[in-house]
Amino acid sequence: MPYVIPDVVDVKQRKTDIGPPHYKNFLPPVIQKNYGDWKTHEILTPGLMVHIANSGDKIWTVRVASPRLLSTDTLREIADIADKYCDGYFRFTTRNNLEFLVSDESKVNPLIEELKAKKYMIGGIGPRVSNVVHTQGWIHCHSAAVDASALVKCLLDDLADYFTTKETPNKVRLAVACCTNMCGAVHCSDIAIVGIHTKIPRIEHERFKDLCELPTTMAACPTAAIIPDPAKKSIKLKEEKCMYCGNCFSVCPALPIKDAENDGVAIVVGGKVGNLRTPPKFSKLAVPYLPNNPPRWPEVTKAVRKIFDAYVAGAKKHERVGEWIDRIGWEKFFDVTGIPFTWQHIDDWTYTFETLRTTAQIKWVKK
Amino acid sequence: MTKKYDTPLLDELEKGPFPSFVTEMKKAAAKNAMAADELGLLEKSFRDKVTYWKHGGIVGVRGYGGGVIGRYSELADEFPNVAHFHTVRVNQPAGLFYTSETMRFFCDLWDKYGSGLTNFHGSTGDIILLGTVTDNLEPLATILSMNGFDLGGSGSAMRTPSCCVGPARCEWSMIDTLDITYDLTQEFQDELHRPAFPYKYKIKVVGCPIDCNAAIARADCSIIGTWKGPIEIDQDRVRDYAKKGMNIQEEIVNLCPGKCITWDGNNLTINNDDCRHCMHCIAKLAGALKPTPPFGATILIGAKAPFVIGATLSWVVVPFMEMKPPYQEIKDLHRKWWEWWSEYGKNRERIGELILRRGMREFLEISELEPAPEMVKEPRRDPFFFWKEGDLEGKPWEKWLK
């Protein structure tokens, strides 16, 4: 398909409602030929797998890490590499890794050699750590309580061996969301980080009446902490009901909540989306607060590593983090990770009863 | 271009093995004034520990109500080239496959009209072109359309559907995830481009219950491939796994949630009637076990992040649906759902929240679906149930007690 970028753009030429181009335009010939007719696959190394079709045809996939935020320079380099070894074909994964699709076996090792020479991080396939699903953070979002790209960089620098070589009992899915909107996959990941506030929003009464809609603002509050203030044509906040979620700011610019000193992150654990063995699970609170400490967030990296290491040491083969915790029990989880259990860990919102322990089955971890 | 800002904090993030987003920003900043100011602004955020993007921003292109996320810097005086820094969402090809030619087109386009910074991809699936000015939006949309690309979704609309790699490169895909995604995206172009709903609505399609696109957690409608036939067993290959050191009893039999597998050291047997279709044995014994037809999908509804009522995972609405083009049944259901949601949904109420507010009965009735045990984890535990005129008229117990 020849692409055109005219020097002078006639906007009347725009077509609407055409949708994306058909996916078949982008599939390597061997995939087109064997589409829906694959027999099996083998993971050859942490970053290389081969899919074998019923016809006997094969396609090799080399997976490399991507920071998701990519410059056009890097994208052009990827295109050049794909031309050299993959007849121009490559794809991205649902965790934002990059996959080179090789139809000619003799080109697999030369591709890997070039990728290594260019310092690409090869891996992410099988029972190990893969890329971190994340969000915009301070790079592009108005409601971010933490940066996202930096946390990803810090976490995967620390866990790089588990991407490229070492194995874990099962996949460990990491995710970062820069606020409690939880864009992405934080609520269903093995270990995930979410940006949180710990102080109430400021009310800019003068701006409220010009910029905000009262009913929408009130309806945005999960704890009904917002009530009208007719005298000021603004709102009042029942401070004791506010848990700093920031949703009112999402609908009303006059309620800024960002706070350099008090914003930070929480760590949640034990979520999964796959149905293998046990049904999908939500992640649950492990660490309620750690401070923002750019550029390396050492407290966060260290805390994730403690949880990660305890899982790797304690889990049985094929157990995801949530399955491991279900087996050992939460009292044991807090014991082996050394994370202090606090007021914030006990749910006091919608699901309290479901989360309380209605049994005498208890492990004595404090002897 | 000479170096515009010192970035001592961000420079730290160029160290270490994982590919650095700072390096990416610096590459773009070397030739693009917008990217250079973006880098300077981010360094300031790192120093001050807060975001410097103004609230909101409403920009777009004629004919559409979404597709562009407007963004303005709070520090336009200090960083004038990111005074506007809008994101353009471009609908990705299903399965995220590309050719080098296509990628070079995006690079040429974005070097000319934007910051040179992208995300491959946004969490919903779109190609994210990160940072441009309002005046460039109309030409961008025009050039994209001339080359066969369209904008993705944003706002209270159907968002860009996405899928796993599916039958393109996976032996387990029981439905054509790419085709379903492409077909539904085309069918609902109007709903995608012109927000007409109470809030956002997402569709994700995956080929099997392993759910490689997190459909059950990240889509209002989760379409998950599954099967009804028995699992076909290649005993020789199972024995190969055992020989290579897999403890079949521990790793397969004991972990089966249906407790329906046995292994006598030589042969594996599966009581398919008790199989829960979780994929564990099939995934761990790749090449030895194979699901067999009939193939179709489980349709689930309602997943969302915490705001406002708490996070939800999608729950079963149709336990098994055949998924053959033109996918009429799922399209018809969507039209019924959207009509009901548009009528009764409150402002910014996701469809899952509406169902929980008004009840599954109403939702199933407008869907013209009958209740089934596959829809619940367990029946209710309280005695506070509603009756409608007519519920007891047919004396449903008589048939059962016969």
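This is a predicted model: local features need pLDDT of at least 70, side-chain atom pairs count only at pLDDT 80 or more; totals for chains, interfaces and linings use all residues.
Two strands pair if DSSP finds at least two bridges between them.

**Entry: hairpin in chain A**
I looked up strand β9 (residues 226–229) and strand β10 (residues 234–237) of chain A, and they pair in the antiparallel sense over 4 bridges. The count of 4 bridges meets the cut-off of at least two, so the two count as paired. For P228(A) I find I235(A) as the bridge partner in β10(A). The hairpin of β9(A) and β10(A) has 4 residues between the strands. In this hairpin I noted K233(A), which takes a positive phi near 50 degrees.

**Entry: sheet in chain B**
I traced an open sheet of 5 strands in chain B and wrote down its order as β6-β7-β8-β13-β14, with mixed pairing. Its edge strands are β6 (162–163) and β14 (315–321) of chain B, each pairing on one side only. Within the sheet order I checked β8 (residues 221–227) against β13 (residues 295–301) of chain B; they are antiparallel and share 7 bridges. S222(B) stands opposite L300(B) in β13(B).

**Entry: strands across the chains**
I then looked for pairing between the chains. Strand β4 (residues 69–71) of chain A pairs with strand β4 (residues 117–120) of chain B in the antiparallel sense, over 3 bridges. Here L70(A) has T118(B) as its bridge partner in β4(B).

**Entry: contact of A and B**
I list 125 residues from chain A and 131 residues from chain B in the contact. Together the chains bury about 11300 Å² between them, and 60% of that is on carbon and sulfur atoms. R14(A), W138(A) and H140(A) supply 7% of the area that chain A buries against chain B, more than any other three residues.

One I looked up joins R194(B) to D17(A), with the closest N and O atoms 2.6 Å apart. On the side of chain A that touches chain B, helix α2 (residues 72–86) of chain A gives the most, with 8 residues. By class, the residues of that side of chain A divide into 64 nonpolar, 37 polar and 24 charged.

**Entry: confidence**
I noted a mean pLDDT of 97 for chain B, where 100% of the residues reach 70 or more. For the model I have ipTM 0.97 and pTM 0.98.

Definitions and conventions: Residues are numbered from 1 along each chain as its sequence is written. Chains are lettered from A and ligands numbered from 1 in the order in which they are written. Side-chain values use heavy atoms; hydrogens and water are left out. Contact means heavy atoms within 4.5 Å. Buried area is the accessible area (1.4 Å probe) that two parts lose on being put together, summed over both. A salt bridge is a side-chain nitrogen of Lys or Arg within 4 Å of a carboxyl oxygen of Asp or Glu. Helices (H or I, at least four residues) and strands (E, at least two) are DSSP runs, numbered from the N terminus. Ala, Val, Leu, Ile, Met, Phe, Trp, Tyr, Cys and Pro count as nonpolar, Asp, Glu, Lys and Arg as charged, and the others, Gly among them, as polar. pLDDT is the predictor's confidence in each residue, from 0 to 100.
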